[in-house]
There are 2 protein chains.
Amino acid sequence: MPTSPPADPPAARQRVQMADIARAAGVSKATVSRALSDSPLVSDETRARIRALAKSLRYTINLEARNLRRKDSRTVGVVLPFDSDTRRHLNDPFFLGMLGAVADALTVRGYDMLLTRVDAQQTDCAAQPFDTGRAIGIILIGQWRQHAQLNDLAARGVPIVAWGAQLPQQRYTTVGGDNVSGGMLATAHLIAGGRRRIAFFGDINLPEVAQRYRGYCNALAQHALPVDPQLRVSVPFVPGGGAQAVQELVRRAVGFDAIFACSDLLAMEAINTLRGQDRLVPRDVGVVGYDDIVLAAYYHPPLSTIRQPIGAAGELLVTSLLALVDGAQAPSVHLPTELIVRASAA
Amino acid sequence: MPTSPPADPPAARQRVQMADIARAAGVSKATVSRALSDSPLVSDETRARIRALAKSLRYTINLEARNLRRKDSRTVGVVLPFDSDTRRHLNDPFFLGMLGAVADALTVRGYDMLLTRVDAQQTDCAAQPFDTGRAIGIILIGQWRQHAQLNDLAARGVPIVAWGAQLPQQRYTTVGGDNVSGGMLATAHLIAGGRRRIAFFGDINLPEVAQRYRGYCNALAQHALPVDPQLRVSVPFVPGGGAQAVQELVRRAVGFDAIFACSDLLAMEAINTLRGQDRLVPRDVGVVGYDDIVLAAYYHPPLSTIRQPIGAAGELLVTSLLALVDGAQAPSVHLPTELIVRASAA
DNA sequence: GTGAAAGCGCTAACAT
DNA sequence: ATGTTAGCGCTTTCAC
């Protein structure tokens, strides 16, 4: 035994393994393996005996070893961006919610989830859980700017699905909300409430936000309202962004009677800031947010917003990835978005 | 080659592996292994050559194989309860936030996280990631009622750390907030604001809530105020719970001028419900919540609450677990809680 | 400094 | 129906 250590390492090596069961049962490892995986090649009596033994010895199969041998596993990699510049901390309610939805969808199907955070700039690291053989594929949650790098990964054959907008010449699969119609719904709702000067809060360098802006413009056009570039404030998704955006609007001295904010957090910050300026929502300014995070309903005034179907998204991200892993196609999908009417834009 | 399949399986087996690098470099696998793990046993020249080759071939070591051989890994299991009765969906902002904090703490230390959801009743499944050799230890996030089962796991030698209250005769490590002082801080703050009839919203069957209730009673006693059992409403942590609790109070026809709610969500629901009854917060009723979730500051009125130090908790859960894995002791810890004064209890 | 070979804990031909 | 044996992709003695 060349590799056996002189003594038991610290407290390890207590773990009972298949050979122990085999010895105790007086059979070979192969039989134990078969019994434990319900192979028809083993007699009912033996199977029962072995299973009982395994249970009483608290044996659980070593999955890493099995995976190595079978070249397969039931683990999918979920990667979240780690935006080194902006918020260090993973606390965005929407993405966290999405994470929960994906976790649920995986659990239901008997898959585990290996969660990693990678620098949003270093997208090539995203495939690491796959490359290192720990995951059968990758689900990306968050805002990923590196379109080209994701294309490379897909081209390399990494099964990968991302949450986000569908882009031209995209070789990877995305699952996203229908941002254009989301933007239209929000804007049309504000217009229907009699608002005419609708500000847009969001960074249109992000593909999803750009699409929402397109929807916003469409809705204005449909009602023969002008698109005033002064009303668009490019605000990053960081705490305090909503307050800044309102102040920017004030600084520009453009009149506005409504805001369409590209996240609920942004909307709430904006409402708070407006309140500080004695402009009440919805009386003086109508506001519509985006995402319908849990807290939107709890807010005062309850926030009208565009719901992204987070549960369906989790399911679809998972089923698409599993399809990809099976070598099948997985078309990119736009999930329908929905206007949730509450009080903030009445 | 008895096990080699007739043809390449679907699209797999493309993966370049160590033997490929060895062949290409004209050395043995052993040398490649050494070069890639910075062993001093290999010449600088060879190392450089091999590393370059590996990079150009996009080789990444297969971690599962390495782990199997080395009997060690850098993955920790994080398990979240899956409360089959109440909320199916993983969307509690506080636990999700905690999950984020743990993810960050692990990332910083170069560990990965294997996330699983298990039925809150079946706590013994919680050790599965460990038992199956996929994780070196387990971090439990959420409300775990099965004290005894967790003790069993710890007794079995599973390195395990849970978020939660410290209980008598506890053999596993917990990291938790200081709930007694949290309860006192909240209650004392309400008393200081002139409130005398303070309702308590929470299910004292949960250890953490029980401790908060103790703090509540302490604070009342310190100010020579009576503890009225009619003012305690046992409310589960489910959506709609806050509204129910307020209605229950009304049904009981007990007067109250303040509420201490055991979660921010509960507090917000309560405030909304009160508003529907034309009782304004803080004018008519003072409210203090618990957790200080991100949205507490955004709420209107901004919610006074007890902050649980979620970032520190994530760090501590991780360092404690890693200590345990190293065979060291990891004492249970109470993290200090903090009163965040905003407007809801002025 | 490098290679040969054994083996981590399991599975799957191939025997019997 | 069960046992034997040869690996999965890697690391690590041990020998040179």
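**Exercise 1.** Is Thr132(A) buried or exposed?

*Solution.* The model is predicted. Start with the position: Thr132(A) sits in the loop that links α6 (128–131) to β3 (138–140) in chain A. Next, take its relative accessible area, which is 6%. The cut-off for buried is under 20%. Thr132(A) is therefore buried. Finally, list its contacts, leaving aside neighbours within four places in sequence. They are Thr60(B), Ile61(B), Asn62(B), Leu63(B) and Glu64(B).

**Exercise 2.** Work out how α2(B) and α3(B) are oriented to each other.

*Solution.* Two packed helices are described by the angle between their axes and the distance between the axes. Here α2 (residues 29–36) and α3 (residues 44–56) of chain B pack at about 90 degrees, and their axes are 9 Å apart. Angles of 65 to 115 degrees count as roughly perpendicular, so α2(B) and α3(B) are roughly perpendicular to each other. Now the residues in contact: α2(B) contributes Thr31(B), Val32(B), Ala35(B) and Leu36(B). From α3(B) come Thr46(B), Arg47(B), Ile50(B), Arg51(B) and Ala54(B). By class, five are nonpolar, two polar and two charged.

**Exercise 3.** Describe the protein surface near DNA strand C.

*Solution.* Last, check individual pairs. A side-chain N or O atom of Lys29(A) is 2.8 Å from a base nitrogen. Phosphate oxygens lie 3.0 Å from a polar side-chain atom of Arg66(A) and 2.8 Å from one of Lys71(B).

Definitions and conventions:
Residues numbered from 1 in each chain as written. Chains lettered and ligands numbered in written order. Predicted model: local features only at pLDDT ≥ 70, side-chain atom pairs only at ≥ 80, totals over all residues. Heavy atoms only, no water. Helix = DSSP H or I, 4+ residues; strand = E, 2+ residues; numbered from the N terminus. Buried < 20%, exposed > 50% of the residue type's maximum accessible area, 1.4 Å probe, protein only. Contact = heavy atoms within 4.5 Å. Axes fitted to C-alpha atoms, helices over the stretch in contact; angles between N-to-C directions. Parallel < 35°, antiparallel > 145°, perpendicular 65-115°, else oblique. Nonpolar A, V, L, I, M, F, W, Y, C, P; charged D, E, K, R; others polar. Near = heavy atom within 4 Å. Polar contact = N/O pair within 3.5 Å; in protein donor to acceptor, adjacent residues only side chain to side chain.
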